[in-house]
Every structure is written in C-alpha cells, then in structure tokens.
Amino acid sequence: MTQLFFLLILIAGLGTFTWIIAKRVQPLLHAAPDPRFNDVPRRVQLVLKLWLAQWRQPRYLLAGVLHIIVFFGFLALAARSTELVILGILPNFSLHLGHWYEVTKDVAGIAVFAAVVILAIRRAFFRPARYVGHTTEALLVLGMIGTLMVSEFVYSRTNSLIAYTIHDLTFFTFLCFLPMGKHFHVITSLFNVFFMRLHPGNVKPVKYGVTDLDSLPSLGVKKFEDFTWKHILDFYSCADCGRCSDRCPAHRVKRPLSPRDISIKGREYAFAHQSLLPRPAGEKVPKADEGALIGSVFSEAEIWSCTTCGACEEECPIGIEYIDKIVDLRRGMVDDGLVPQSLQKPMSALEKRGNPWGKLEKNRAAWASKMDVKLVEKGETADTLYFVDSMTSYDDRMQKIAQATARVLSKANVDFTVIGKEEKDSGHDVRRFGEEMLFQSLKEQNVESIKASEAKKIVVSDPHALNALRNDYAEMPPVQHISEVIAENVNTLTFKPLDTQKTYTYHDPCYLGRHNDTYDAPRTAIDCIPGMKRVEMQGSCRDRSFCCGGGGLMLFYEPEEEQRMGVVRVQQAAEAGADVIVTACPFCLTNIEDAIKVAGLEGKMEAIDLVELVDAATTDGRQPTAG
Amino acid sequence: MEILVCVKRVPDSAENEISVAADGKDIKRDDLVYSVNEWDNYAVEEAIQIVEREGGNVTVVSIGDSEAEEIVRREMAMGANQGLLLTDSAFEGSDGLGNAKLLTAAASRTKYDLILTGAQADDGAGQVGGMLAALLDWPYASLVNRIERKDDATLRIGREIEGGNQEVSDIDTPCVLSIQTGINEPRYVGIRGIRKVASIEVPVLDGAALAVSDVGAAAAKVRRIDYFVPELGAGAEMLEGSNEELADKVVDLLKAKGAIK
C-alpha cells in the first residue's frame, strides 16, 4: 500500500516537474536564434571552472563559501536522494554506494544543514544590501533543504516511515518549486555556463545569420520574443544574488539601472506570460507580443544608463550577460526613433563629419601639425598605423595623448603613420548605443582607409578604438594598445626617474582591462620608472575596476544620477593614498579630471594618461643623453 | 488634419566651423555640411504627433535644388507622409517675400488645415511664416510651444514670450504657426530610416507649375550687402573669490540682468 502511495508521489512529482519545464522551454524555442555550440572544449572548460569549481563564488567570501558547501553537498547527496526515492517503491533497492559514501553523504548532510542555518540567519537578520526582496522565497527554500537533510539523517538511522514520507514529499515539492523562481538556477546554471558568451569585447550581430540589415523589418529587441533564447535562459538563471548590481557603477551612483532587475523583470514577464494551469473560460490570454518592452517592462532612461563597462558580467557566478541585451534594446529604440535629444546631435555629426562634434575632417591630424609625423593623406607609408580616433584627435586636452603617443613610438623606434582626414570615428560607442547602421558605415570607411595605408599592424591609444578594431571590425591587422607596445619595448626605452615624491595608482579602463584582458602591460610600463611609488585601489582594481563614467556617446548623454561615477573613482583613489591617477584612455582621463574638480580635490589629486607619464619618464633616444 | 510643414536646408552651426568668405558677402561654403533647420525639425515632429492623434496627412515642402530633396527625405523618414520640392533656377536669390510667395502658391494647390514653419532658421530672418500667413489671409501665431485641439475649428496654442513667460490663445483654422524648439522631442532618424524612403517619389514644382514669376534675385527687394564677424568687445568682467563666493556673485548678476528670478 505504502509502495503504491510513493509510486503515485513519484509519478505526480515527475509529471508536474516535466510539465513546468516543458512550459518554460517553449519561449526559448520561439526566441531569436543564437548559435552557441561553437568551441565546445572552451565551453566544457568554463563549465568545469565556473560551474563545478564555483570559481567566482568566493569573490564574495562568506556567501561564496556557504554556497560552495551547499552546492557540493547537493552533488554528494544526489545519489542518496535517487536511492531514497526508489526505495519507497522497491523496498530492497540499493545503489550499493558503499561505506565511504555513507560517511561522505552524512558529512555532506551535516555541512549543508549547518550552512543552511547560517544562510537563513543571515537572510533574516543580517541581510546584505544587495539582496532586494524575495526573502520569504529564500527562507522557504532554505527550510526545504534543511528538512531534506534532517529527514534523510533521521530515516537513515531509524527507518522511520514518517521521516521517509517527509523526505519524499519535500523532495518533490522542492523539485517542482525550483522552476518557479530564483532557484531555477539549480537546474539552469549548468546550461547557462555552457552557453555563456566567450568573447567579452564583442557585441552580438543584430540578428545571427543576417548580413543585409535593410532586409529586416525591425531592428533590435522591441518585444520579448526578439530576445535570443540564451538571453531568456539568462532571465531564468538569475539567482538574484545581486552581485551584478553591487558592482554596477550606474547602480552605485543611483542611475535608474540595476542589472539584477533587468533579469528579474525579464523572468517575471516570461513567467506571467506562461500559463501553467488551463485558464478559466473567458479569461483574457495575455499575448507575449502585446505592447513594447520599453515603457512597460524597461524604461528608456534605464537602458541608456549603462556604460557597457562589463562589471556585471565579470561578477555573475553563472555567466549571465547584460551588454548584448542592453545594446539590443537600444537598437530597438534607435529603430523607433527613441533617442534622447542629447545624443541626436553627436550622432548626426558622426554621420556627416565622422566625429561627434562636427569638427572639420581636414583638422583631424591638426595635433601633429608641429610634429614630424607621417601622414597617409600625404602618401606616406609605414608598417605600423597609429589609429587615433575622434576624442584624441580633436579634444584640446586629449591631443596631448596623441602627441605623447607619437613621441613614445619614436623613442621605441617604431616607424608609423597616421591616416589624417580620412580617419573616421571608430564607431565603438555608436555601436554600443544601438546605431548599428551608422557603425557599419563608419567601419566600412575606416576599413578602406586602413587597407589603403598598407599597414601591417595597428597601434591605438584609446581602448575604445582598440576594442572596435580588434573585436568589432573583421580582417584587421593585429591591433595593440600603446601600453602593450611600451611593455614590449621596456628595454628599448630609456627610463629616467621623475622629479616627484607622489604616489601613483593605476585606473584600469574597462575596454582595456575587462574587455581585452590587459591588466599587466600598463602596470609593467609604470613600474619601469625608477623610484615609482604605485599603490592599488584594493577591491576595485583590475577586473573589479570602477567605470569612470563611460566614453564615446556617453560623454553627451545626460543621465539621472546622484553623483558622477568619476567622483566615486577619485574618492577610491584618495582612499588608496594616491596623489596621481594614471589611466590609459582619453575618456577616463576627461571624466577623472572633471571628477577631481567636482570632488573638490583640485591641487591635491591629479590625473595623467599612461603614455604621457611614460613620455615624461623616458629620454629621447635620438638625442645624446646628458652625462 | 491636412498639415503642410515648410522646411529649409541650412548649414548646421553645430556641425560646421562658420567663417566669412573673402568678399564679405557670404560665408565660406566649401567645407560645410547641411542639415534640416532645427526649428523646422520640431515643426515636423509636432505635425506628425498631431496626425498620430487625430489622423490626416503631413506634407513637407522645401524650396531648393536636388540637395534640398535630401532633407525632405529625412523628414519623410521621420514620418511625414509626402514631400514636395519647389525647384527652379528662377527661384535662386529670392528674398523672404519671394519665398513666401512660392510657399503660398504651393499651399494653395491643396486644402490644408494647418501650416507649420520653424520660428526661424540658422541662417534666416524669421520672416517667411508671417508673410505666408498674410498672403494666404490666414491667422498667424509665432513662437508656438504648445498645440492642442479646442474644437473642430479652433486650436488652443501656447506661445513663449519674453522672459520665459507663457501666453495661451485660441486660433481659428486654417492658420499658420511658427514653431519654437522644445515643443516636443523630435524622433531620431538614422541612415536606415532614410534608406526606407529612398525610392518614394518627391514631386517637383517649378515656376510655371506654381504660376509664380516675381521671385528670384531680380525681384528681391532685400539684398544682403555685407557679412562680418563682430569685433571682440573690451575685456569681460572677471569674477574672483572662492567657489562659493563665485557662485553667489554669478547668481546675483543673473538676477540683476533678469535671467533668473
């Protein structure tokens, strides 16, 4: 009799679970294409590292360690749970797991129970700010896990039917509860990590498999089905841990954006539009394509607030991506003409003049007018091309970066040219602001000019240009950032001590660090300067670097915010004990120099570009050095 | 509602470095890029929004050669239903009155309920809208920053007047309104939008079709004789003090000059 009862529970439990999962999978089948079966070895490697080894969990130490205990406890107890569920139906069933497994699963059970108790106390009484809502759900799940541990423990020692029944019922309730909320990640995280994006600097094409964008009736994500299946899987997989938002610079300065909310709102929308039960007759079935996402699920200001710095994606323990979603939503807004006035002028100027200020093309290389720099527009050639990009070409202050780059290249005996008036904006941030057609147009013009220059490699001083040419453009010669060139040439360059007692710190630009994994070259370059005193902004350096406020079109956008990101960054540098912030990006430099003034630290703190620093700390090889 | 919006192709001061040519009669035009006059763009957006609310048609008209067609298309990409181009070598050098006569002739060919112009142009004198209304014998309101429907034959409009004050009036239709920037947020038009309307025919009317002859340079009664950059005045007043003191002084000055209250 009891065997039949447990058989019915098994059938009901598995049946319900399968039903829910089938419902959850449906939207993925109707979503936009997203080829993610490439480079399987790399994907397996990521599963082993991020999923199995829980690589990113300890970045938040206490929560991470407790999660690892529960995760491995679950893995250890999986065999025992399977055995138990069948045991109720076939009384003599055994998986013959052996003595050592008995010990292991008992240790795991006790460890998980202890972790669950700590997690529940933490959730209820010492909740970190990054947890928003969902406390009842969290406590309920912790309660179920605790019940599973205790009932298994009791049953193993007493053979109590009551303990067994509690375990069996809790087991299937837990199983069916998982796909109803944030604990869906228990099931989906494995897949989410396997299918996560492999190339951080890149942005997805408008639609996979489509090259003629004019043939598409609509661009970007406007309604839910426009998301790719992986992006919907992301929504399902969010564990609501809030690490993304905790690291998000936009969230930190109280712009109306929280990456976590992008996922939670996406999931809530998806669940609300899937009816798990047959609807009562007459009830209106909400159609997924009713209404646009912008204005209902997401707001315009929310989607424009992102600087695409990538801090959220770097932090997510299970590989949820945000930049592609933000860019896709922006593409949809651009296609519908929903672009803030502050961005329309620079976009129009980029279209007409190839730079966001509408400055004259013929003045693009004006920074070099008093220097001995080869110009492609004069028919000069060299193996290396210095691609300057708009900010460094036209901004009075940033032209000093161009001049310093030219001098440092000469000191390193690099023969180079500059394109001149035919160079257009790299379009890096045009693309990330969703204006794909304009980006394609700028890219085509640049690709032509770069090919015509006959250069065999490209050097940039702007990480945005680096990322565009390396990751957005195709078939380019190898592209290097000037910091990499300096690090390679430390023996060619002759360093001299700076006449200063100041303490330096290095600010990692997002598109040099996180998006292109270049953390050491700039530090190597700085540390070559004799007598250099450099400190790190502990906790917010390297892949946790805090965005300065964003580059490209973000300079023109007028966000709702309580504070400037740059001010937060400058304060972090001050806390680290630095007097000088060294960066390696013209946008970082402009944002940080402004922020120093806003923070009232003028005279106490200064900012300099890495290449300016190296230029000042190296002697000109072509002139005889003193002494 | 049938709406006609008059638009002009101008060198956008934001995308050009404007300098005066050697003969002093015009600006240097070699390196210029052109766009639709900013005020006109607001007028087109407003017309589109009215039609979205009430139904009807938006027609965009411009005087000029095939280059002016480019901006007519841009406004069609924005959502205007059709374009109209007034082209004839005899139109060149028309003064404001000449342009108003051409637009009057164009506007008289179809029954319009409303004609919108920009309040002024980057390179203009803010005169055509008023003359167009007078030639049509229609009522006119300038510097309009709000348009609402009152009843079938009346619009309720807001006008910006000196000092940032607002005036509200009722105006009978058909009428001519000149539109101030800030009345709305014009939608963005990208390369893709323009390509979508690239194959739509824009009708062209010449002097014969419009039956207008007393226009062009010869008929102009206003002639530009000089263009120059004003000489820099004597030194500006430099404020001194701490940041807080500077802020207080600036606020006092702005109050004294009536910029803030």
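This is a predicted model: local features need pLDDT of at least 70, side-chain atom pairs count only at pLDDT 80 or more; totals for chains, interfaces and linings use all residues.
Residues are numbered from 1 along each chain as its sequence is written, and chains are lettered from A in the order in which they are written. Local features need pLDDT of at least 70 and side-chain atom pairs count only at pLDDT 80 or more, while totals for chains, interfaces and linings use all residues.

**Exercise 1.** Work out how H5(A) packs on H6(A).

Start with the axes (lines fitted to C-alpha atoms, for helices over the stretch in contact, with angles from 0 to 180 degrees between N-to-C directions). Those of helix H5 (residues 135–158) and helix H6 (residues 161–177) of chain A come within 8 Å and cross at roughly 150 degrees. That makes the two helices, H5(A) and H6(A), roughly antiparallel (over 145 degrees). Now look at who meets whom: residues including A:Met144 and A:Leu148 in H5(A) are in contact with a set in H6(A) that includes A:Ile166 and A:Phe174 (C-beta atoms, placed from the backbone, within 7 Å).

**Exercise 2.** Find what chain B brings to its contact with chain A.

Count first: 15 residues of chain B touch 19 of chain A. Then check the helices: H5 of chain B (residues 191–196) gives the most to chain B's side, with three residues.

**Exercise 3.** Describe how domain 2 of chain A meets domain 3 of chain A.

Take the bounds, which come from an automatic or database domain assignment: domain 2 is 358–488 and domain 3 is 494–619. Their C-alpha centres lie 22 Å apart. Next, 29 residues of domain 2 are in contact with 27 of domain 3. Finally, H17(A) gives the most to the domain 2 side, with seven residues.

Note on methods:
Helices (H or I, at least four residues) and strands (E, at least two) are DSSP runs, numbered from the N terminus. Angles under 35 degrees count as roughly parallel, over 145 as roughly antiparallel, 65 to 115 as roughly perpendicular and the rest as oblique. Two residues are in contact if their C-beta atoms, placed from the backbone, lie within 7 Å.
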